Amino acid sequence: MGLGNLYESCEERISDIKLLLDSKFDQEKIVALKRLIAIISKGKSVRAYFPDVVKNVASSNFEVRKLVYIYLLRYAEEEPDLALLSINTFQRDLTDRNPMIRAMALRVMSGIRVLVISPLIMLALKKGIVDMSPYVRKAAANALPKLVNLDPNQHQASMDMIEQLLNDNSTLVLGSAVQSMIDLCPDRYELIHKHYRKLCMLLLDADEWAQIEIMEILLKYARVHFVDPNSVKNLDPDHMLLITSTKPILQSRNPAAVLSASRLLIHLSPSSMLEAPTKALLRLLQTTTSEHQFHILQNLRTVANLDSSLLAMHARSFVVFAGDAGFVNDLKMEIMGLIACASNAAIIVSELKALVRCMDVQLAIKAVKLVGTVCAKIDDLSVREVCLAILVGLLASDQELIVAESVIVTRRLLMDQTAAGSTATAKTTALIISLARSLDAITVPMARASILWLIGHHSPAIPKIAHDAFRTSVKSFKEESQIVKLQVLTLGAKLMAASGEEELGADGDTNANANGDSARKVEIAAMATVRLLWVYLCDLARFDSSWDVRDRARLLRGLVDAGSKKGTGLFAQNLGKILMAPKFAPSVAGAGNGDINPGAPSVKFTIGSLSHAFGLPVRGYSPLPEWAKEVTGSDLRDAMEKAQPTVWHPPARSVSVRNDASSTQVASALGSTSVTSSAPNSSVPSRSSSSRVTNNFKKKYDGLESFLDSSDEEEGRQPVPIQKEETEDEEDSEEEVEEEVEEIIEGEEEAEEGELEEGAFSLESTFDHPPFSSDEEYEIEYEYEEVEDEAADAEAH
């Protein structure tokens, strides 16, 4: 049955699963277990089958046992009492020859949440951390946090085991050891001192997930023991070692590893070295899914806050595509606002020109806001004119929200221009007139309030437009929102101040224009109308339901009355200056050094953390430590700067077996590896026989000695000495030599079997390091006989 069909049909005839689990045929048990695991993968519970599955934990079939362990790993914590019945089987499996069985037995034992077996789990873990297989040692390292969570009294013993695991040279084990250290003692950086350089050297050889854990602990370690790189000219060699060891991971195929490497480099590198992580994030941005792009863009936004010039030349990388998710588009547009400058203004403005007319209204509104950001940030007259032209063109749009947002952005830009001290130009006046004409068609309160403010602020330049806008606004005052009512009151007070000044000037004039012209009469009549409308408006606002409107009406009426013709004092001469004073330009989002989004995260949060994503500290967030004031721990760090991953050497080239009174020593070409056994009565040939065999080999291969010596010198190993003893049997035939070699190997195997039975032989004591080390999880089944057969074959050839 194929895996796809099994997943689809796993719930069919579910009543047959118990019968299959009780079957005497292993193949039927395998089918039942696979169906149960397929149901688990669908998120459904199959706890009811726990007793039937546990019965098969001692099966002789490896495939059945493996599937049973997978099931037990899922439900051992929920059914601890039933899982406890198989504890003897788990302990027996800890001595199984298959490392996968040993590792899964460790995982299931550590998952049983019964306090009374914590000593048994501790004994199993102590045995697991010295296992010859790195896969088992990795499982032991992963089980340590579970043990401490079950029994806190085992914390100190677990710390000792973590320290022992950190001495391991296998990259398969180091990642899990570091993860356990992060879970149990994240602040004990003194454990890293002597392993610091080794971790840096082996970082590239570890698997992707181990790299993430190692970089996390090294990031915090570097912050505690190194100084701020931007405050010194030359970095500490160990600090630079970490940076150079991390840079190759930026080319990893795993997005999580790239993000972790970029986080480390951004937090630890000087500002002049941020280009490498920036380019890596930009590369990753083009090849990942929307969820990955969200986190990548958050990191890039932080980089833009640190130094926008790093991304200024990559503005095209943030172009919005139709298939992008909404949260991706938002971040892209925020970054465009942060990196906008004169060099990339043409690219960004052309992109925004297309976005403001897209079918997605919300995206178009954000694009309109970004037009104002770019225009306010770039001090270029041509860019400002293009941006204003885009905004004015949107006034004819049939989308009211887009029109309203364009009016609001235009008002902010014109306020910025007024605050800069520039006078109103003909283009500005024409723009305000066009906005005033669209006042009746706009219903969004903020947009109407913006137009009324612009009209009032520029009323001396457009008096007729101002009077007519005031008249129409007073008529609809009762239906307006609060923000519009406030601006209508402000507009009326400004018009009253202007009419009062003109009246004073007219009274001081002579009778030169006593008769007056018709234009002057029209102006006087308009001013009289404005006064009547002002009195009516103040009476109307006096009884408004909003406190703010009533207070604003009372304040402005008092100012106007104090500055009128009958008033005396300071207000009488300076009412216009008070109400028409230049206003500070509002801060446009993204125009400065801050984020476009006021709640956007800043660099104070660790990049890649949940707090960095939300822009505020969340529960469980641990900030990065502060930089050290001086470099510390240099004398305690590991002196071995050339740590290399463990490599499995080829089999032996020569074997010499010697039998002393107390031990048997097997010399092989695994470097200088030696196996010492205390079995005194082994059937191993005598030393003279071994010497005779060696000499006969030398005679047959006369030039082999010099060849082997030269090969050893090239590889940097000490040559294995070949004994030169004069014997009487130098003329033995080739057949006798082969027979004697076979006798030696057979005697060695018998001796080895005797040692294994007595429990005095331990292959792990032979090696200074495990025989395998790789990034993958190997299923290793080590055969002692194969090693000796390969050694004999190499000797024979």
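Select Lys 494: with 3% relative accessibility, this lysine counts as buried. Buried here means under 20% relative accessible area, exposed means over 50%, and partly exposed lies in between, with a 1.4 Å probe and protein chains only. Lys 494 sits in helix 28, residues 482–508. Helices are DSSP runs of H or I with at least four residues, strands are E runs of at least two, and both are numbered from the N terminus. Now show what surrounds the side chain. Leaving aside neighbours within four places in sequence, Lys 494 is in contact with Trp 453, Gly 456, His 457, Leu 579 and Met 580. Contact means heavy atoms within 4.5 Å.

Before moving on, note the ground rules. This is a predicted model, in which local features need pLDDT of at least 70 and side-chain atom pairs count only at pLDDT 80 or more, while totals for chains, interfaces and linings use all residues. Residues are numbered from 1 along each chain as its sequence is written, and side-chain values use heavy atoms, with hydrogens and water left out.

**Zoom out**

Show the whole protein as a cartoon. It has 36 helices and three strands. Of its 797 residues, 48% count as buried. Take the contacts between residues at least 6 apart in sequence: 69% of them join residues at least 24 apart. Switch to a surface view. The accessible surface comes to about 40,200 Å², and 53% of that belongs to carbon and sulfur atoms. These areas come from the Shrake-Rupley method with a 1.4 Å probe; for residues, only the protein chains shown count as cover.

**Into the core**

Select Tyr 71, Leu 72, Leu 300 and Phe 318. Within the largest nonpolar core, of 195 residues, these four touch the most other members. Helix 10 gives the most residues to this core, ten. A nonpolar core is a set of buried Ala, Val, Leu, Ile, Met, Phe, Trp, Tyr and Cys residues joined through side-chain atoms within 4.5 Å. In soluble globular proteins, nonpolar side chains tend to be buried together.

Which residues are in contact with Tyr 71, leaving aside its neighbours within four places in sequence? Look for Leu 36, Ile 40, Val 46, Arg 47, Tyr 49, Phe 50 and Val 53. Another core, of five residues, lies apart from the largest one; among its members are Leu 274, Val 303, Leu 310 and Ile 607.

**Salt bridges**

The whole structure holds 19 salt bridges. Each is a side-chain nitrogen of Lys or Arg within 4 Å of a carboxyl oxygen of Asp or Glu.

Start with Glu 63 and Lys 66, whose side chains meet at 3.7 Å, N to O. The two are three residues apart in helix 5 (residues 62–75), so about one helical turn separates them. Glu 63 is partly exposed at 27%, whereas Lys 66 is buried at 19%.

Next, select Asp 93 and Arg 65. Their salt bridge spans 2.6 Å, N to O. Asp 93 lies in helix 7 (residues 87–93) and Arg 65 in helix 5, so the pair ties together parts 28 residues apart in sequence. Asp 93 is buried, at 4% relative accessible area. Arg 65 is buried too, at 11%.

Go on to Arg 448 and Glu 480. Their closest N and O atoms are 2.8 Å apart. Arg 448 is in helix 26 (residues 445–457), and Glu 480 is in the loop between helix 27 (463–475) and helix 28, 32 residues apart. Arg 448 counts as buried at 10%, as does Glu 480 at 14%. Finish with Asp 22, Asp 52 and Lys 55, which salt bridges with shared partners join into one network.

Select Cys 375: the nearest cysteine sulfur, that of Cys 387, is 4.4 Å away. Cys 375 is buried, at 0% relative accessibility. Cys 185 also counts as buried, at 6%.

**Out at the surface**

Select Leu 610, Phe 614 and Leu 616. They form a nonpolar surface patch with about 310 Å² of accessible area together. Patches are made of residues with over 30% relative accessible area and no salt bridge; like charges are joined within 9 Å, and nonpolar side chains (Val, Leu, Ile, Met, Phe, Trp, Tyr) within 5 Å. Leu 616 is in the loop between helix 32 (610–614) and strand 1 (656–659). At 46%, Leu 616 counts as partly exposed.

Last stop: Asn 153, in the loop between helix 10 (134–150) and helix 11 (155–166). Asn 153 counts as exposed, at 71% relative accessibility. Its C-alpha atom is 9.7 Å from that of Ser 118, 35 residues apart along the chain.

Conventions. A disulfide is a pair of cysteine sulfur atoms within 2.5 Å.
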